[in-house]
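Work through the exercises below with the coordinates open. Each task is followed by a stepwise solution.

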Amino acid sequence: MIQRGVPSEGGRPPAVFTIPAGRPFVDALAAGLVERIGGGPEDLAAAIVLLPTRRACRALGEAFLRLTGGRPTLLPRMRPLGDLDEDELAIAGAFDLLGEMPSEDGAAGGDDIPPALSGLRRQILLTRLVMALSGRDTSAEQAARLAAELGRLLDQVHTERLDFAALAGLVPDELAEHWQVTLEFLAILSEQWPRVLAAEDAVDTAERRNRLLAAQAAAWRRHPPAGPVIAAGSTGSIPATADLLKVVAELPRGCVVLPGLDTDMDEETRDALDPTHPQYGMVRLLAHLGLSVEAVKPWPPADRPSPADGPAAAERRRLIQIALRPAGLTDRWRRQASFSAAALEGVSRIDCPGPREEAGVIALILRETLETAGRTAALITLDRALARRVAAELRRWAIDVDDSAGQPLAHTPPAAFLRLALAMVAEDFAPVATLAALKHPLAAGGRRPVAFRTAVRELEIAALRGPRPAPGIDGLRAALGGQASRFAVLLASLEDAAASLHALLRQTAADPLALVSAHVACVEALAATDEAPGAARLWAGEAGEAVAHFLAELADSAASLGPLAGRQYAGLFDALMAGRVVRPRFGRHPRLAIWGPLEARLQQADVVVLGGLNEGCWPPETQAGPWMSRPMMKSFGLPLPERRIGLSAHDFAQAFAAPRVVLTRASRVEGTPTVPSRWLARLDALTAGSGLARTLETDRRWIAWFEGLDAAGPPRPVVPPRPRPPAEARPRRLSVTQVEAWIRDPYAIFARHILGLAPLDALDADPAAAERGTIIHDALEAFIRAVPGELPADAEDRLIAIGRQVFGDRTARPGVRAFWWPRFERLARWFIDFERRRRAAGHRVLATETRGELVLAAPGGPFLLSGRADRLDLTPTGDLAIIDYKTGQVPSRKQVECGLAPQLSLEAAMAAAGGFAGIPAKSVAEMIYLRLTGGRLPGEERVLNEGVAAIAEEAMSGLARKVALFDNPRTPYLSRRRPMFERDVGDYDHLARVKEWLAGGGDE
């Protein structure tokens, strides 16, 4: 409940006017100023107009241009009271009205008020205090984020003109312990921060604003300006601003102009207002001014006809006023909810399936507006992701529209490059971080950008694919091996650019200023081309200037942090950049705009789209913050978070009164159903009772039009590929392992051997599969060659020693040793036990890692089958045994017998035919798979010793049939012909578009 206004003592009553919702605020303000002050050049120039933000000042200037038809005019002095961001309060530029009147009698003038700390310096100083209090328990990044929250609390406390001394008695001893801990932490603000400000000879931004506004109010009380003073567009939500508005309203030639005050509000509604109501702030301001709502007059020219004053506009305003009545009065709807169809004339609603469709529909609406000459349109939304989507959709028509609410600084190209380059050096040139930085469009390394990107792509294939190399540039050189000289220039340029930063990041107590300087030097070196220095490329444009300004501020204040562990710098850098935005200086399109509610205040367009109308977005979620509970905030004197809902409700009501309004929302976001905004729910309930429910049903035409933009006609079923290359292009030799791929996925043979496409290893791959198998094979081969006869007592120690040597020789990649050495030690013990039993039974090793070949006669000419046996043993009966080491899955007997796993079968046929060099032709009695995992079950022996000859003969017959089949040029290479498992993913499945034809029911 708000106290009624009490008339001011003495003087004339405060002069307060309002411009109704639906009338363009700045245009009406400009026209009224000309009528009220006069149209002469000197008349306007004598006036002072106070507006909420600098953007509002620019909008009023443009309104005067429209009013005068572009004729040169001396404008009034337009001053911003301050820029109010959604999440923080910040004074706009160097606002100082105090120069208007000299100070006297010891009153504070503009020069007597200390300067304000910049936001970044304040955050850094608070970070230092947090780190000192928390010690090693808090990293620099965590401290910086806590400091940002402390800064917000400081602004709130100063804005409400409260005293931190009241914190001491805020929480009774019986309340939760964590609240007591919080209050102890807040001693940073109540005890230490004032000393820091005194040492800096500065004040907080919000405190400086309060002092400036208070001094201005005092100066104008003593010496009222000779010219008119008009404060327009502000609702006085800041107490210091409300005090200044009171002074302005009582000046002899002063007045206050409110936006969209509901002068028809009944007394019952006024008494029930709460902070979530759109009129709460202005009625509270009127009470502060000592006025009743009835005393507020319409802003001239009130008698000039305007669409905003017509019956339809009045009915629209009445609809939204009743819809947004306080919750306790919604039962009155039944006797008041009688509206004509004119109330919703020009209003559309579109509930879209998802964010993509919502952005596309909005872009279409904005694009359609341009078909009418001179017509304007704007999207107003709190959802910045939606704003970015709409801007991207508009580019399909070569329409470039900026989101005037700004772009996060961290997302701009130069800031992203700074962060990526820092991550690359901090992570010791790990593959993912390195490629992310070096593939950024700004990266050039002192060379032509095209040549640099080519070199980076070649480096990726040569060294960065597969398991991670050893740390640093030396690790990359080691991974390159003999190819290192080919990349000498690229690696040297990276090493030189990162040397200083790399050294500082490894220090336990680095100088923050040196870190910033080294960081900038590294990025500038990486951004340089053969024609332009890196600084010229990085710091150009609005985003580049904003990042350069941030870095300059950071360099000025970094030393205040004191020594910092180098490894904490990356997180600190991100935390300090978080929350900062880059706003465009000028709109890119003259007739289209994307506004946040802050930017939309006081502005209007012919077509207004209110987007993202879901709970949690518009209105935003209300959170009490990390420091105080709601009862604590109320006891301390801070406004509850629900006040933001009231501000959002006022923005919604103002925009809803525009001549043409489209309400949009997404029914699902990331697959999760959404809840419509409470204001949409109220409109639905109100219109349903008025017989207008169908008026606000979703206009599905726009969704259909958007879906039709990219429609490619009737869907065509995707079928599996059936490539049929000519016979001369088909391979005439394959290995036994490739034959298995040929059976299961012929398309893989086509892609690899006919198209010549080799699969790339994954980035930062787990050192498994092939890498592990190669190491174990080499270690076991070396051991068997070194110990051919009876095993000595120290056989296990000798195998481990050989394994240690192979691990060291085969790779310098740290992940291999870390992951697989413990497994090797376990399987070594199992393997020695296996060998002891086998050799004791009379088996003798004939060859290891031996190659063999066999030529098959085929219709297309000789076909060469090759293979390499891991091991060939001579059994006590004089037959052969073929042993295959497997570090992965072992095929079952059924898979071997039916030919799906033909490797050992074909090797057995090759051995029986004398295909292995140095091994006479003999029958094969055993095919043995040794599964060597080193896991919980270190090893496993699977022996096939029945019907081996028949299995081998059938495998060769099957291969001969397959070769003959594929010698026919009409035989296609089908994809996934006989996969082992449906979930298996082949190296070439993406090329064969497997997911498309499998999902579409394509027939194999």
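Predicted model: local features only at pLDDT ≥ 70, side-chain atom pairs only at ≥ 80, totals over all residues.

## Exercise 1: One side of a helix

Task: find which residues of helix H15 (residues 384-394) are buried.

Solution. Step one: apply the cut-offs. Buried means under 20% relative accessible area, exposed over 50%, and partly exposed in between, with a 1.4 Å probe and protein chains only. Leu386, Ala387, Val390, Ala391, Glu393 and Leu394 of H15 are buried.

Step two: check their directions. They cover an arc of only 160° around the axis, which puts them on the same side of H15. The arc is taken over the directions from the helix axis to the C-beta atoms. An α-helix has 3.6 residues a turn, so residues three or four places apart point the same way.

Step three: list the partners. The buried residues of H15 pack against helix H14 (355-369), strand S10 (377-380), strand S13 (592-595) and helix H29 (700-709). Contact here means heavy atoms within 4.5 Å.

Step four: look at the N-terminal end. Asp383 caps H15 there, with a side-chain oxygen 3.1 Å from the backbone nitrogen of Ala385.

## Exercise 2: A six-stranded sheet

Task: what is the strand order of the open sheet of six strands?

Solution. The order is S3-S2-S6-S7-S1-S8, with parallel pairing. Strand S3 (77-80) and strand S8 (297-298) are the edge strands, each pairing on one side only. Helix H3 (residues 54-67) packs on the sheet, touching strand S2 (48-51) and S3. The direction of H3 makes about 155° with that of S3. Such angles run from 0 to 180 degrees between N-to-C directions, with axes fitted to C-alpha atoms, for helices over the stretch in contact.

Now take one pair. Strand S1 (residues 16-19) and strand S7 (residues 254-259) pair in the parallel sense over four bridges. Ile19 has Pro259 as its bridge partner in S7. Helix H11 (residues 280-289) lies across S1 and S7, at about 160° to S7.

## Exercise 3: Gln123, buried or exposed?

Task: decide whether Gln123 is buried or exposed, and list what Gln123 touches.

Solution. Gln123 lies in helix H4 (residues 119-134). Its relative accessible area is 8%, so Gln123 is buried. The side chain of Gln123 reaches the backbone oxygen of Ala144 at 3.0 Å. Not counting residues up to four places away in sequence, Gln123 touches Ala144, Ala147, Ala148, Ala575, Leu576 and Arg580.

## Exercise 4: Backbone exceptions

Task: where do Ala398 and Leu602 lie, and which peptide bond is cis?

Solution. Start with the background: most residues other than glycine have a negative phi, and most peptide bonds are trans. Ala398 has a positive phi of about 60°. Ala398 sits in the loop between H15 and strand S11 (407-408) and, at 71% relative accessibility, counts as exposed. Leu602 has a positive phi of about 75°. Leu602 belongs to the loop between helix H25 (597-600) and S14 and is buried, at 10%. The cis bond runs from Trp618 to Pro619, with omega near 5°. Pro619 is in the loop between S14 and helix H26 (630-636).

Note on methods
Residues numbered from 1 in each chain as written. Heavy atoms only, no water. Helix = DSSP H or I, 4+ residues; strand = E, 2+ residues; numbered from the N terminus. Polar contact = N/O pair within 3.5 Å; in protein donor to acceptor, adjacent residues only side chain to side chain. Pairing = 2+ DSSP bridges.
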